[in-house]
Amino acid sequence: MTFPSRARTKLVAALAAVAFGFSLGSAQAQASYPSKPVTLVVGFAPGGAADTVGRLLADEMSKHLGQRVIVENRAGAGGNVAVLAVVGGQPDGHTLLFAAINLATNPSLMNTKYDAERT
């Protein structure tokens with residue numbers, strides 16, 4: 001079964017929103033989270049498929065969290081620039097990584113400065 005590009009994008013965003021909704025159970029119990037806007041770091045250039053899905057996901061997250069979710073594109077080094085930005089950031093849960101398969105494959109292809117299994 002094939003979907004037109006726009007329908008496929010909407011389908012992926014809907015599935016991501018559903019998956020995110022299931023994970024909200026513990027987050028809803030904590031009234032203070034998020035206490036400020038959340039940043040979703042996307043390791044790809046603006047306008048691409050990953051950016052589009054990330055922005056659709058950010059819109060859904062904003063609705064569920066009641067707080068703005070800002071998409072920040074950090075393209076470069078096969079997504080490693082984005083990973084390092086998140087790993088080196090504040091561990092307060094307000095900076096999230098929109099990861100793709102490159103998070104798992106990059107350590108075997110290049111010298112990464114993070115441990116994908118522990119990060």
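What follows is a chat about a predicted model.

Visitor: Where does this model come from, and how are residues numbered?
Guide: It is predicted: local features need pLDDT of at least 70, side-chain atom pairs count only at pLDDT 80 or more, and totals for chains, interfaces and linings use all residues. Residues are numbered from 1 along each chain as its sequence is written, and side-chain values use heavy atoms, with hydrogens and water left out.

Visitor: OK. What order do the strands take in the sheet?
Guide: The order is β2-β1-β3. The sheet is open, with three strands and parallel pairing. Strands (E, at least two residues) and helices (H or I, at least four) are DSSP runs, numbered from the N terminus. Two strands pair if DSSP finds at least two bridges between them.

Visitor: Which strands sit at the edges?
Guide: β2 (69-73) and β3 (95-98). Each pairs on one side only.

Visitor: How many bridges join β1 to β3?
Guide: Four. Strand β1 covers residues 38-42 and runs parallel to β3. Thr-39, for instance, has Thr-95 in β3 as its bridge partner.

Visitor: Which helix packs on the sheet?
Guide: Helix α3, residues 49-65. It touches β1, β2 and β3. Contact means heavy atoms within 4.5 Å. The direction of α3 makes about 160 degrees with that of β2. Axes are lines fitted to C-alpha atoms, for helices over the stretch in contact; angles run from 0 to 180 degrees between N-to-C directions.

Visitor: And what's in the largest nonpolar core?
Guide: It has 11 residues, among them Val-38, Leu-57, Met-61, Val-71 and Phe-98. Such a core is a set of buried Ala, Val, Leu, Ile, Met, Phe, Trp, Tyr and Cys residues joined through side-chain atoms within 4.5 Å. Buried means under 20% relative accessible area, exposed means over 50%, and partly exposed lies in between (1.4 Å probe, protein chains only).

Visitor: Which element supplies the largest share of that core?
Guide: α3, with five residues. β1, α3 and β2 each supply at least two.

Visitor: New topic. How many salt bridges are there?
Guide: Four in the whole structure. A salt bridge is a side-chain nitrogen of Lys or Arg within 4 Å of a carboxyl oxygen of Asp or Glu.

Visitor: Which residue does Asp-92 pair with?
Guide: Lys-36, with the closest N and O atoms 3.3 Å apart. This pair links distant parts of the chain, 56 residues apart. Asp-92 is in the loop between α4 (80-87) and β3, and Lys-36 is in the loop between α2 (24-28) and β1.

Visitor: What about the one between Glu-60 and Lys-63?
Guide: Their N to O distance is 3.3 Å. Both lie in helix α3, three residues apart, about one turn of the helix. Glu-60 counts as partly exposed because its relative accessibility is 26%. Lys-63 counts as exposed because its value is 63%.

Visitor: Last one. Is His-94 buried or exposed?
Guide: Buried, because its relative accessible area is 6%. His-94 is in the loop between α4 and β3.

Visitor: What does its side chain reach?
Guide: The His-94 side chain reaches the backbone nitrogen of Ser-35 at 3.1 Å. Leaving aside neighbours within four places in sequence, His-94 also has contacts that include Tyr-33, Pro-37 and Thr-39.

Conventions:
A polar contact is a pair of N or O atoms within 3.5 Å; within protein, one must be able to donate a hydrogen and the other to accept it, and residues adjacent in sequence count only if both atoms are side-chain atoms.
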